[in-house]
Amino acid sequence: MSVDREIVTGEVKVDGWRNLNFFKDVVSQDLALPEKEFQLRHLSVADGTDKQSGFMSLLHRVVVDVELKDGISMRRSYIVKEKSNQVFGGDLVDKYNVFEKEIEAYQKLIPELEKLFQYKVKFGPKFYKAVTEPFTVMVMEDLVASGYSMKDCGNRLDLLDSKLVLSKLAKFHAASAVYFKQNGAFPKLFKTGMYSEEAADDYAAYIGNLYNSFKKCLTERNFSSHYLDIINQWGPNPYVAGAKLFRLKCDDFNVLNHGDLWMNNVMFGDNDLLMIDFQIAFHGSFTFDLIEFIICTVSVDHVIDKFDELIEYYHQELQDAFQTLDYPELSPTLENVQVDVENHGFLAGILTIEAIAMISYIKVGDLSMDLMSSPDAEGEEFRRKLYRNEKYVDVVDRLLPFLYDRGYLKCSLDFPNQAK
């Protein structure tokens, strides 16, 4: 993590957001004071996280020195999320409006969901400001300064922390279902998330290269043909199957999914936890968040031994949340939840190709998104290292037999299971 700081004083005029004037209204909201009641003396800008924590944006920590009218001085810290062409995603960031979506989520939707709980439940950081022209940035609460922290992404979550996340997720999902009931459809921005049939062509080469390297490494490691035979049936682009799997279906229990719920997008405090990064949130089956979180973040031992218990716990928390919100009739039955998880279980298989590989590699070395998608020899060698990474091998070698036994490696989209 970089500790270099860019210092900006009151006498320096800087275009863009790196200037004191830009933060006057932010500090005013933060302190609940009129701008005439304080002066900003200078600010410093530093990297907000390590470079692998914000794949589609640049994150900065901005510290502002504030002098109140009565002479008292204080320091306030904020996170600035900046759109940039220097990060992974390129044209896709614009094509799929990820910044517009996240601004809508932080600025409008999350406050409405918190309001449903009478502000007794908090889902994300405070949102202060967004600008989209001539540059695009968001200014938010610095959760680290507020006492929150990320867990070490090199380790998966234990059962207690996993259930804490599932409890918050159930509240988020329940509130979104109530919001939908009261207000109708979510904005069009939230029509699709990580898997979209419209985006299948854009991701064909990326997922295809990963999938081929994934199969090749399993074969080179003499992985059992028992599993390889079914993995080889996923088609040339498993992304297509994922997109079809999460096509919106009215019969599903549909919610606003966070869309990327893993370790680095959860901040833990002493008595609470919050979610961050809503750039690929979408309205669809609850199973996306639930399966992704469990498969990518929960201790593998607990995934294998406690999977059904975790599903049941989520359902109980969901029921309790709907009861609190006075909409118990919106809660699905446990049987419906279990059947929906079974019907969408193939997501867990797809996650072994990309998400789990990425998460496992972050603590090993520099994760190069360019090399992950590169068709040349250098890209092939990087993917070989990715899938032979000891941490990944340990996880996937235990997960694949579990997923096979549950039928989650089968790419079936006809949804034969139905709740009675």
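**Close-up views of a predicted model**

**View 1. Helix 9 passes helix 15 in a left-handed crossing.** In this predicted model, helix 9 covers residues 300–324 and helix 15 covers residues 390–406, and the two pack with their axes 9 Å apart at an angle of about 20°. Because that angle falls under 35 degrees, helix 9 counts as roughly parallel to helix 15. On the side of helix 9, the contact is made by V300, D301, V303, I304, F307 and D308, which meet V395, R398, L399, F402 and R406 of helix 15. Sorted by class, the residues of this contact between helix 9 and helix 15 comprise 7 nonpolar and 4 charged, with no polar residue among them.

**View 2. Helix 5 and helix 14 cross at roughly 55°.** The axes of helix 5 (residues 200–220) and helix 14 (residues 377–388) come within 9 Å, and the crossing of helix 5 past helix 14 is right-handed. The two helices are therefore oblique to each other. Helix 5 contributes N209, L210, S213, F214, K216, C217 and E220 to the contact, while helix 14 contributes E380, R383, R384, L386, Y387 and R388. The class make-up of the contact of helix 5 with helix 14 is 5 nonpolar, 2 polar and 6 charged residues.

**View 3. Strand 4 pairs in the antiparallel sense with strand 3 and with strand 6.** Strand 3 (residues 58–68) and strand 4 (residues 73–82) are joined over 10 bridges, and within this pairing V62 stands opposite Y78 of strand 4. The hairpin formed by strand 3 and strand 4 has 4 residues between the strands, and in that hairpin G71 takes a positive phi near 95°. The pairing of strand 4 with strand 6 (residues 137–141) runs over 5 bridges, with V137 of strand 6 as the bridge partner of E82.

**View 4. A cis peptide bond joins E133 and P134.** Most peptide bonds are trans, whereas the bond between E133 and P134 has an omega of about 0°. P134 lies in the loop that leads from strand 5 (127–131) to strand 6, and strand 6 is the strand that pairs with strand 4 in the antiparallel sense.

**View 5. Helix 8 is largely enclosed by the rest of the structure, since 11 of its 11 residues are buried.** The helix takes in residues 287–297, and its buried residues are T287, F288, D289, L290, I291, E292, F293, I294, I295, C296 and T297. As a background for this view, the protein chain has 420 residues, of which 55% count as buried.

**View 6. N222 and D277 both have a positive phi, about 55° for N222 and near 65° for D277.** N222 is placed in the loop between helix 5 and helix 6 (225–231), where its relative accessible area of 68% makes it an exposed residue. D277 is placed in the loop between strand 9 (273–275) and strand 10 (282–285), and with a relative accessible area of 14% this residue is buried.

**View 7. D161 is a buried residue of helix 4.** Helix 4 spans residues 159–183, and D161 counts as buried because its relative accessibility is 13%, which is under the 20% cut-off. When its neighbours within four places in sequence are left aside, D161 is in contact with K151 and F268.

**View 8. M358 of helix 12 is 8.8 Å from Y392, C-alpha to C-alpha.** Helix 12 spans residues 355–361, and M358 counts as buried at 10% relative accessibility. M358 and Y392 are 34 residues apart in sequence. For the protein chain as a whole, residues 24 or more positions apart account for 74% of the contacts with a separation of 6 or more, and the chain contains 15 helices and 10 strands.

Conventions. Residues are numbered from 1 along each chain as its sequence is written. This is a predicted model: local features need pLDDT of at least 70, side-chain atom pairs count only at pLDDT 80 or more; totals for chains, interfaces and linings use all residues. Side-chain values use heavy atoms; hydrogens and water are left out. Axes are lines fitted to C-alpha atoms, for helices over the stretch in contact, and angles run from 0 to 180 degrees between N-to-C directions. Angles under 35 degrees count as roughly parallel, over 145 as roughly antiparallel, 65 to 115 as roughly perpendicular and the rest as oblique. A crossing is left-handed if the near helix is turned anticlockwise from the far one by less than a right angle, and right-handed if clockwise. Contact means heavy atoms within 4.5 Å. Ala, Val, Leu, Ile, Met, Phe, Trp, Tyr, Cys and Pro count as nonpolar, Asp, Glu, Lys and Arg as charged, and the others, Gly among them, as polar. Two strands pair if DSSP finds at least two bridges between them. Buried means under 20% relative accessible area, exposed over 50%, partly exposed in between (1.4 Å probe, protein chains only).
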